[in-house]
Amino acid sequence: MTTPFVTLVTFILPGPVVDLSAQGLQKLDPNFTCSEDTHTLILDRNHIMKLDHMERNPGLQQLSVASNRLVRMMGVSRLTELRVLNLPNNSIGYIEGLRDMPHLKWLNLSGNNIKDLIIDHTS
């Protein structure tokens, strides 16, 4: 069985809003990139467990990954321009990376299993 990837990632996905909802995605391809004018990415109702390779889309202002299988928020902290972060109905246990998102105005983590707020990572 092959793992579904975003199949349209060999080129830059155009438009201000990219909606890849309900595509059966389990993860994003390492080459996943939206165009520079894209401000909103919607990945709702998939099977995504990790938000890898988000740094390739630094201009995103709104990200929605509702009703997936996320267990951590890792990856979103690289999106320093985010204003809206919608992550309800996942399996997130730890809130992390918010310090790195100075423009964040709206956060939805309802329907998760929040156990802890990680303020600072120390090794």
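**Entry 1: ground rules.** I noted that this is a predicted model, that local features need pLDDT of at least 70, that side-chain atom pairs count only at pLDDT 80 or more, and that totals for chains, interfaces and linings use all residues. Residues are numbered from 1 along each chain as its sequence is written, and side-chain values use heavy atoms, with hydrogens and water left out.

**Entry 2: confidence.** The pLDDT, which is the predictor's confidence in each residue from 0 to 100, has a mean of 86 for the protein, and 84% of the residues reach 70 or more. Over residues 1–11 I found the pLDDT below 50, and beyond near neighbours in sequence this stretch has 21 contacts in the model, a contact being heavy atoms within 4.5 Å.

**Entry 3: overall make-up.** I listed zero helices and seven strands in the protein, so that I could write its elements from the N terminus on as β-β-β-β-β-β-β. Of the 123 residues, 42% are buried, and I wrote down the cut-offs for this: buried means under 20% relative accessible area, exposed over 50%, and partly exposed in between (1.4 Å probe, protein chains only). Among contacts between residues at least 6 apart in sequence, 16% join residues at least 24 apart.

Entry 4: I traced an open sheet of five strands in the order 1-2-3-4-6, with parallel pairing, where two strands pair if DSSP finds at least two bridges between them. Strand 1 (17–19) and strand 6 (106–108) stand at the edges with a single partner strand each, so one side of each is left without a neighbour in the sheet. Direction ignored, neighbouring strands of this sheet are turned by 5 degrees against each other on average; axes here are lines fitted to C-alpha atoms, for helices over the stretch in contact, and angles run from 0 to 180 degrees between N-to-C directions. Strand 3 and strand 4 run parallel and are joined by three bridges, and I saw Leu63 standing opposite Leu85 in strand 4.

**Entry 5: the core.** Which residues have the most contacts inside the largest nonpolar core? They are Leu41, Leu43, Leu63 and Leu85, in a core of 26 residues; such a core is a set of buried Ala, Val, Leu, Ile, Met, Phe, Trp, Tyr and Cys residues joined through side-chain atoms within 4.5 Å. In soluble globular proteins, nonpolar side chains tend to be buried together. Not counting residues up to four places away in sequence, Leu43 touches Leu20, Leu25, Leu28, Ile48, Leu63, Ser64, Val65, Ala66 and Asn68.

Entry 6: Is Leu41 buried or exposed? Leu41 counts as buried because its relative accessibility is 0%, and, leaving aside neighbours within four places in sequence, its contacts include Val18, Phe32, Met54 and Leu63. I also noted that Leu41 and Gln62 are 21 residues apart in sequence and 6.4 Å apart in space, C-alpha to C-alpha. Ile42 lies in strand 2 as well and counts as buried, because its relative accessibility is 19%. The C-alpha atoms of Ile42 and Leu63, 21 residues apart along the chain, are separated by 6.0 Å.

**Entry 7: between strand 1 and strand 2.** Ser21 is found in the loop between these strands and is buried, because its relative accessible area is 12%. Its side chain makes a polar contact of 2.6 Å with the side chain of Asp19, a polar contact being a pair of N or O atoms within 3.5 Å; within protein, one must be able to donate a hydrogen and the other to accept it, and residues adjacent in sequence count only if both atoms are side-chain atoms. Glu36 has its place in the loop between strand 1 and strand 2 too, but Glu36 is exposed, because its relative accessible area is 84%.

**Entry 8: positive phi.** His53, although not a glycine, has a positive phi of about 65 degrees, and lies in the loop between strand 2 (40–42) and strand 3 (62–64). Because its relative accessibility is 24%, His53 counts as partly exposed. Asn89 also has a positive phi, near 55 degrees, and is found in the loop between strand 4 (84–86) and strand 5 (94–95). Asn89 counts as partly exposed, because its relative accessibility is 43%.

How values were computed:
Helices (H or I, at least four residues) and strands (E, at least two) are DSSP runs, numbered from the N terminus.
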